[in-house]
Structure formats: C-alpha cells, structure tokens
Amino acid sequence: MKEIILVKYGEMALKGMNRSTFEDVLLRNIRFRLKKIGKFSYAKAQSTIYITPETESDEERDELLNAAMLRLKKIFGIAALCRALTCEKDFQNIAERAVPYLQDTLTAAKTFKVEAKRADKAFPMKSPQICAELGGILLQNYPHLKVDVNHPDVTVTVEIRDVNAYVHAAKEKGAGGLPVGTAGNAMLLLSGGIDSPVAAYMMAKRGLRISACHFASPPYTSDRARMKVEQLCEKLTPWCGSMAFYCIPFTEIQEELQRNCPEEFFTILMRRLMMEIACRIAEKENCGAVITGESLGQVASQTLPAIACTDAVATMPVLRPLIGMDKVEIINISRTIDTYETSIQPYEDCCTVFTPRHPKLRPVLAEIEEAQKEVDFAPMIERAIENAEMKVFAQHVSENQNL
C-alpha cells in the first residue's frame, strides 16, 4: 500500500508571481527538517507538496510517515497536511483500495461524507458522481455509517491529480504563516523568561529567520541560567529552524551602571546598552530587525516613554509582536510551543540584577542621554561583542563556535 504525505499551502497560494520563491523556500525547509529521520522524495504541483518515503517496507514506511507528520506540523508555511493513499486514476481502483485503507477511520466513526477534487478535468467522472459512487460503496462496506454532509465525523477526500489519484480522511492543521526565511533575518533578545520565546515563534511564523542573543552577568547569573536559555533555543528550533545563539558577557557594564548611574535610571540605561549591542551583532548576522518580548505596561521598562528611550539607540526596526497581548495569552502560546515549563525554571537572568527599588516610569530621553554620558561605555561595548560566544542550534544538532 503506497502511502504518502500531502502538504497544502495557506496564504502562500495568494503570492502571485512570487509564489514559486515561497514554494522553493518551504520545500528547502521541509527537506532540512526531515533529513535526519529518513530518506524521502519530493514533488510539488498545484499548491501541494508530495512527500514519499523511500522504502519498500510497509512497517518502515509507517514509522517514517508518523515521524515526518510530527515535524511537518511545526513548519511554517504549511496550512494543512495529511497521509494519503496513492491510487491509479481509475475509479474502480480507487474504490477497491479505499475500502480497506479507510477501515480504522470509518470503523470508529458514526457519520461521514465524501468530497472530490477533480484537478484533472479529463477524468471521465465529475466530482458529484465520484462522491455519490464512492459514498455508496463505503456505505455497503460499513453499514453502521450514516451520511452527514454538514457535520460529519469523517470527511473522505478523493483528489484526482495530473498523474495519480489520492484518498485521505484525516487532514491535520499545519502551523500556517509563511516559510521561515522568506521575510529576512532578525535578532531576538532572549531573556529566559516566558515572553521572548513566544515573540520568536510569532515572528518566525511571519517568515523571519531568527538569531538570538542573551546577556549573562556571572557571578550574578549562574551557568544554570545560561543552560536554561540554551534549552529554550532547542525548544524553538522545531518552529524556527536553525538558530545562531550569542551569549554576551554583561557583568562589566552592569557593575559600571550600578556604580555611576542614578538608581531610578538603571533599567532604562541597561536596556539601551543591550539594544546597542544587539543591533551591532544583528548587523553581523545580516539582520534587518531586532525582536523583543515586551508587552505594553507589563513592567517599568515597558511603558511608552521607556520604550521610546530604548528605541532611540536602535539602528534598525524593533519588532514587538506581544505589545498588545496580556500575560494569559502569552502563557497559552508558550504552552503550545512547549517553552513554558523551561521558562519558569527559577534561574535569574541579568535583567533582575541590581533591580532599582523605584524605577522611573516616565523617563525623559534628554535626562537618560545625559546620565549615560557620565560613563564612556564604548570600550565596554566593544569588549562585550568581542567576547561573545556563539552556538548554532538546529533540530537535534548543536555546534560550538567563536564569534
């Protein structure tokens, strides 16, 4: 029984003359994500990608299909996907093979309907006739079933394509969005909390390839805190693909801030220096934007005046996909992408170091800039960038490297 996976596009299908570019990127992403689990062949036609396991063993084919489906459901650009039976373009062959293929699905159902998609208009039967004929045959073989065209338990779909026909009954929802890499590159400020991994997920869904930077302040932050952030990178790779991760030493800068700046300005100045460094590293990574997990009003550094002071030092757009979301919405997404339990591990990041008792809620940019001039941070910024450590994360693969 030759079974394959059909991958369906979403909004990519509306891209007009640019659609082939999006299709090529999606196919490349699919190949990359599946190459570690087995050998597949690929074809694309009529807004569908056909993925075929390269094996003659039914047992091995089933294992490959199951593993591939799990990974494909986390690839952006896929609207829906399903396992499907490949048949000859002959109705008798379709009916004979569909009855046993659908046994498990239809035995557990009470109602069903048949849909037909006849892309090959030369096929002798029209769609309504295919539905009626196959529906009648399935009712004969599964007499407990009833037809329900409005709310069926199972929808059996027959697709008549250029080369073959396909039968399937368990279409699953894909991740949606656009293929990662079609919108460019962006640098994520990854704190280790709940918010920033969700921000990465949301911007990857819009086609951005994500790199990440994390600021560490040993001995105030521990190795466990860094390990936690690296675990978050690993959790994100099924959604974001491979990620370059930069761990930036920040102790010297924070200690200098603590010694020389007004306490109420500490958080804003720290965020400005982080933004400067992130933008510098983002330029090295050919990024066109920086991403943060900020939500308006969530903490003192996320008021409108504070955000304005931070953005004043940015050399590229700053994307804040969570800006209008509340914490419950963010937590729900973090649970969906399996980062929540890692994010709540009690290992503090550098944002909690030297936290002011009464941070300035409505800072004035001129005052902040004047306070920052009290110290020449330029050499410290250079040292932080020079001493940053870089690590590449991919699904089940990681690699150490110097910046």
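Buried, in this talk, means under 20% relative accessible area, exposed means over 50%, and partly exposed is in between, with a 1.4 Å probe and protein chains only. Lysine 327, at 33% relative accessibility, therefore counts as partly exposed.

Some ground rules. This is a predicted model, in which local features need pLDDT of at least 70 and side-chain atom pairs count only at pLDDT 80 or more, while totals for chains, interfaces and linings use all residues. Residues are numbered from 1 along each chain as its sequence is written, and side-chain values use heavy atoms, with hydrogens and water left out.

I start with the domains. The chain is divided into domain 1, residues 3-176, and domain 2, residues 184-400; these bounds come from an automatic or database domain assignment. The C-alpha centres of domain 1 and domain 2 lie 42 Å apart.

What is in contact between them? On the domain 1 side there are 11 residues, and they are in contact with 15 residues of domain 2, where contact means heavy atoms within 4.5 Å. The area buried between domain 1 and domain 2 is about 1000 Å², and carbon and sulfur atoms give 55% of that. Buried area here is the accessible area, with a 1.4 Å probe, that two parts lose on being put together, summed over both.

Between domain 1 and domain 2 the count is 1 salt bridge, that is, a side-chain nitrogen of Lys or Arg within 4 Å of a carboxyl oxygen of Asp or Glu. Glutamate 11 and arginine 206 meet through their side chains in a salt bridge, at 3.0 Å, N to O. Helix α1, residues 19-34, gives the most to the side of domain 1 that touches domain 2, with 3 residues. Helices (H or I, at least four residues) and strands (E, at least two) are DSSP runs, numbered from the N terminus. The residues on that side of domain 1 divide into 3 nonpolar, 1 polar and 7 charged.

Now the salt bridges in general. A search of the whole structure finds 22. One of them joins lysine 8 and glutamate 159, with the closest N and O atoms 2.9 Å apart. Lysine 8 is in strand β1 (residues 3-9) and glutamate 159 in strand β7 (residues 154-160), 151 residues apart. Are these two buried or exposed? Lysine 8 counts as buried at 11% relative accessibility, and glutamate 159 is buried at 1%.

Next, aspartate 195 and lysine 327, whose side chains meet in a salt bridge at 2.7 Å, N to O. Aspartate 195 lies in helix α6 (residues 195-204) and lysine 327 in helix α11 (residues 327-336), so the pair ties together parts that are 132 residues apart in sequence. Aspartate 195 counts as buried, at 11% relative accessibility.

Arginine 383 and glutamate 252 also form a salt bridge, at 2.7 Å, N to O. Here arginine 383 sits in helix α14 (residues 378-386) and glutamate 252 in helix α8 (residues 251-260), 131 residues apart. Arginine 383 is partly exposed at 36% relative accessibility, and glutamate 252 is partly exposed with a relative accessible area of 36%.

Last, a network: salt bridges link Arg19, Glu23, Asp24 and Lys44. Glutamate 23 lies in helix α1 and counts as buried, at 10% relative accessibility. Leaving out residues up to four places away in sequence, glutamate 23 touches Tyr9, Met12 and Lys44. Glutamate 23 and tyrosine 9 are 14 residues apart in sequence and 8.7 Å apart in space, C-alpha to C-alpha.

Definitions and conventions: Ala, Val, Leu, Ile, Met, Phe, Trp, Tyr, Cys and Pro count as nonpolar, Asp, Glu, Lys and Arg as charged, and the others, Gly among them, as polar.
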